[in-house]
Number of protein chains: 2
Amino acid sequence: MRDVAIIGIGQTPVGEHWDKSLRHLAHDAIMAAMRDAGVATADALYVGNMLSGELNGQEHLGALIADFIGLRGIEAMKVEAACGSGAAALRVGIMAVASGLSDVVLVCGVEKMTDAPGHITTSALALAADQEYEVSQGISFVGLNALLMRRYMHEYGVSKEAFAGFTVNAHRNAMTNPNAMFHTPVTETAYARAGMIADPINLLDSSPVCDGAACVVLAPAERYRSKAKALVLASAVATDSLAIHDRRDPLVLDAAVISCQKAYAQARLTPADIHLFELHDAFSIMSALSLEAAGFAPRGAGVRLAQDGEIGLAGRIPISTMGGLKARGHPVGATGLYQVVEVVLQLTGQAGPNQVAGARVGMAQNIGGSGATVITHILGAV
Amino acid sequence: MRDVAIIGIGQTPVGEHWDKSLRHLAHDAIMAAMRDAGVATADALYVGNMLSGELNGQEHLGALIADFIGLRGIEAMKVEAACGSGAAALRVGIMAVASGLSDVVLVCGVEKMTDAPGHITTSALALAADQEYEVSQGISFVGLNALLMRRYMHEYGVSKEAFAGFTVNAHRNAMTNPNAMFHTPVTETAYARAGMIADPINLLDSSPVCDGAACVVLAPAERYRSKAKALVLASAVATDSLAIHDRRDPLVLDAAVISCQKAYAQARLTPADIHLFELHDAFSIMSALSLEAAGFAPRGAGVRLAQDGEIGLAGRIPISTMGGLKARGHPVGATGLYQVVEVVLQLTGQAGPNQVAGARVGMAQNIGGSGATVITHILGAV
């Protein structure tokens, strides 16, 4: 099995791209990554995307995008794991390079969510949940996360205000990320006053509906040593039931626990070795649960890391360093690649005002549904 | 890179499964394959599926099905390449085993198409074509294939009746396949009288809308030598433009040519070495074009193999030996796995009355769209 390096990264700004179609967004991110890598072609393209069928009337993105970027003929396909689709595609790309079946591999996450009316987007996002046991009851995806947050507050005696730090941190970091959707700071007061969406989740607990694409170029580490920007130290996928009621414990993301344990074992690292953690803050509650599952806080104490300022750029475990899903934005199938691109920026000292000092090891964790698929990648500086 | 073996196969009958949901169909095929392999667990599950979001209100099939088969926790994801999704998932499974990242891997293709009204299914199938350049003009997927068939007839001076042999052969073979959807013979007269769908494609040129699931269990060939039922000699994916008007030549499936050339090179074989060919006969015209692209007939002469009886079980190149997409049925995301399961039945002498005598090497080719993704696998007997 060959070691895998990331030799190029690219991203589009996250936002409402009324002037670009899905294939254009993917094109822009891929071209940027190929320029960054200094490669003119590739052996394969794996596309992470969740909702193109529902929101853009288009499946078959692999061949579509391979052709549109001028690489008609190469191996290409789409990989889907709900909001974890981006990291799932990365996992496939890593297998392609590790196996020796391909050398230069493009992995692109892309999602164009703003072309559809809001109620269609809400229905489409619910495809991540269990149709027969959850969605058929009429609950939306934000509603499911609201149940989790309410249960967390109840079980651990945590106030809603305790979550404010996640949003404040994300928006603060997004201000200096030119590719982030939001460049406005959020105060604790603003958080407390934000309009309710699905009690207790308010507008500022929620990541936005948006468009974007991000891409990495993979290659075998040994042969591409001079181009390597970061090394893949671990890649681990784990799953749980889609339906939250059917979990062992709704407040423990078992799939995140397993995925992290596998990743730590592969990289021979512990949580103490991780310099930054791009976690899946689609909702504030997911930040708390992810920090606990990854071993950065005991059960029920994830939220305290935000209250204590430990998640900031100079904190014990910086998260959402470029704004996270909350403020950089969450174009769902693209998110897993944005996370990895941002970790590479940190490990190569290119994160500008958002730089985590001395970052040598970064972890990215992409989650499908409310924890049913969890994909963890650990990257190391070259 | 490790060699990969197929150690188990499973399939459900193809048909209208009103009593089973998508997850049940997948479950049945996977359990059959695991029993066949004599394994009680697996490291990963890759699901080939195209339309679950559109037709079943469910994405995120990887985790959903992993949980439903009792393997909550394992790596799982969905792979999509339109009607080529099944073989695309197989490709990912092969990479997982070849790389050494996984040992026992489940690859399941599943599609449940009959739950939705017909016009929704027609729209959903068109997601395989180019939304911006083809579908937006109002054409359906069968319409696109009709344009190809008309062009073939025009350019080569071939009559519509010349295609009858493909349908007659497929239905003849399906009669003795208990898992086929249709068990009724079709005569040339019946073919000539069949109702027109999109001129010149009639009802008996077209594969049916249906439900089904098929599964293979993969493992490293060396470690699982005693369980191996067939060896993966080649696995090759190639792409072309989705939009037919944008191709170099609409009557040459360039992606099939490239995919076959790569596969032959990997296996160090030529067309003369292939004992049977499970091709993608979604429409009769695709049989003719596939035979030509794979090197079994020169340009414009694919249809003659059917006229001359060369595609029968005792012919020069048997195709659709268990009924093909036309008569076994075409549950789109599952088809690529049905093809491979059938090749394994042939290579292990389990094809019953459909057995191709002395079959030692079989080829399966799964096509996404009207030729935009073509995935070829060559399997060898143990």
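Helices (H or I, at least four residues) and strands (E, at least two) are DSSP runs, numbered from the N terminus. I worked on a predicted model, where local features need pLDDT of at least 70, side-chain atom pairs count only at pLDDT 80 or more, and totals for chains, interfaces and linings use all residues. Residues are numbered from 1 along each chain as written, chains are lettered from A, and side-chain values leave out hydrogens and water.

**Cavities**

I looked for cavities (sets of points on a 1 Å grid over the protein atoms alone where a 1.4 Å probe fits but cannot get out). I found 3 of 30 Å³ or more.

Which element gives the largest share of its lining? I found α7(A), with 3 residues; lining residues have an atom within 4 Å of a point. The lining includes Phe166(A), Asp281(A) and Lys326(A). Its residues divide into 4 nonpolar, 3 polar and 3 charged (Asp, Glu, Lys and Arg count as charged, Gly as polar).

**Helix α3**

I checked α3(A), residues 61-68. Of its 8 residues, 7 are buried (under 20% relative accessible area, 1.4 Å probe, protein chains only). Among them are Leu61(A), Ile65(A) and Asp67(A). Gly70(A) follows α3(A), with a positive phi near 85 degrees.

**Two copies**

I laid chain A on chain B: RMSD 0.0 Å, a turn of 180 degrees, a shift of 0.0 Å along the axis. I superposed by least squares on C-alpha atoms of residues with pLDDT of at least 70 in both. The two copies are therefore related as by a two-fold rotation axis. In chain A, the C-alpha of Ser99(A) is nearest the axis, 1.8 Å from it.

Key: On a 1 Å grid over the protein atoms alone, a cavity is a set of points where a 1.4 Å probe fits but cannot get out, and a pocket is an open set with protein on both sides within 12 Å along at least five of seven lines; lining residues have an atom within 4 Å of a point. Grid points are joined across faces, edges and corners, and a volume is the space filled by probe spheres set on the points. Buried means under 20% relative accessible area, exposed over 50%, partly exposed in between (1.4 Å probe, protein chains only).
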